[in-house]
Amino acid sequence: MSKCCLRKKAPKEKNYAPAFFGAYFIYYSAYALFASYLVSYLSQRGFSAVTCGLITSLTLVANVVVQPISGYLTDTFLSVRDYLILSCIGLIVLCICNMVFGGQELVCFVLIVFSAGFAYPFGQLMDAWVNIVSHFSGTNLVYSRVRAFGSIGYALAATAVGAYFSIFGYGNYFLLQAIVFAGLIFFLQELPKLKPDNRAEGKSGDEGAALGFFESFRVSMKNPRYRACLLIFSLYWLSHRPVGSYLALFCGERGGTDQMFGWICGIGAVTEFVVLLWIARSRDLITLKQETTMTFFINLGRPALFLLPGIIPLFLGQIVQSVSFGLFYTISVECFSRAADPHIRSFSISVGLTVVTVIGTVTANLLGGFLFDKFGSIGNTVMSFGVSCIALLCFLKYKKVLFDTEKEGETER
């Protein structure tokens, strides 16, 4: 890590790991409620797979609209901590509005999309925040270890609420979200408040005016490594979302219940937890290039297993995908971090993560909804396997751009 990448003043030496662990645990518990059960919630209200795909795609459009704004604000005006606390308050208000007015379908859809504008950028901003703080001495942070607590929070929440919804239905869907986001504020208050660092560097090395919003885009996009990350990671998301977004419908097609779906999500998240802890312990044993190669090869496993009949392949496929996804969390954040301009690091990382998520997921949701309604789960599975092969080939083609331009030993972790 070059000195210019560490210009942001380090927080006081303190062990922030417990507060980050708690924040990730709570956030991904909320994510399990908001994102993973959204299709199930909409389906029980009588909407088709195509309509579910349209609504979930609109939530991701809200993400891609809000994320550059939130990234720019946290690099230029607000600390990430303050922005996320305000986001939690906004989400609580929107959940309350949905409890009061959500009986009207159009109002419910609009409120869900607005909620996504607050909820989805949350994860990418936290990833960028941890990545920045982890490079400061004395903070005792390792991104993959912190992210592992998000996976275990997701696992426990997905399993618990799956059982809850099977017994009691979705009447308290938004109330549960409001309670979880209220709890998240407590952990956010304990985290470091970093001064925004968006200041251009003049010829003499002095700080000048902040980079403008559109200038920040231009600076990021002129980097070929950043563009390669966008292409390759977008294909990765496109490869697994035709299955991931409709996993609840896969489960229902094979005779499973909401509780069974919760178990499938839970075992996948536990697998991610184990993989992320392994990554944290093996940082000196495996290079980023090797880890990325593993990610794209393993990504072929879930759609291959889902071609087999029955419930068991759903469990096995989810475990295999979770190994790939656990690796992907780390490699995507680190690759975007290394391609980011140091003055707009939060913007570059969070926008990059958001763009690849939205491009891949919106495309997959729209096509996946059409394929599921027309062909059932087999259409989504074939699409997932085919795009996984394309993603692997593109990674192999652009691997030199991502890694071979780095200095000797820079990819060692």
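Helix H5 and helix H7 (residues 173-188) pack at an angle of about 30 degrees, and their axes lie 14 Å apart. That angle makes H5 roughly parallel to H7, where angles under 35 degrees count as roughly parallel, over 145 as roughly antiparallel, 65 to 115 as roughly perpendicular and the rest as oblique. The crossing of the two helices is left-handed, a word used if the near helix is turned anticlockwise from the far one by less than a right angle, with right-handed used if clockwise. From H5, the residues Cys108, Ile112, Ala119, Phe122 and Trp129 take part in the contact, and from H7 Phe174, Phe181, Leu184 and Leu188; contact means heavy atoms within 4.5 Å.

This is a predicted model, in which local features need pLDDT of at least 70 and side-chain atom pairs count only at pLDDT 80 or more, while totals for chains, interfaces and linings use all residues. Residues are numbered from 1 along each chain as its sequence is written, and side-chain values use heavy atoms, with hydrogens and water left out.

Helices are DSSP runs (H or I, at least four residues), numbered from the N terminus, and strands are runs of E of at least two. Axes are lines fitted to C-alpha atoms, for helices over the stretch in contact, and angles run from 0 to 180 degrees between N-to-C directions. H5 (residues 105-134) also meets helix H1 (residues 17-36), with axes that come within 11 Å and cross at roughly 150 degrees, and H1 and H5 are therefore roughly antiparallel to each other. H1 passes H5 in a left-handed crossing.

The structure holds 35 aromatic pairs, where rings of Phe, Tyr and Trp (its six-membered ring) pair if their centres lie within 6.5 Å, and planes under 30 degrees apart count as stacked, over 60 as edge-to-face and the rest as tilted. Two of these pairs are set out here.

| Pair | Centre to centre | Angle between planes | Kind |
|---|---|---|---|
| Tyr173 and Phe174 | 4.9 Å | 75 degrees | edge-to-face |
| Tyr236 and Phe328 | 4.2 Å | 10 degrees | stacked |

Tyr236 lies in helix H9 (residues 224-244) and Phe328 in helix H14 (residues 312-339), so their pair ties together parts that are 92 residues apart in sequence. Both Tyr236 and Phe328 are buried, which stands for under 20% relative accessible area, with exposed over 50% and partly exposed in between (1.4 Å probe, protein chains only). Tyr173 is buried as well, with a relative accessible area of 1%, and Phe174 is buried at 8%.
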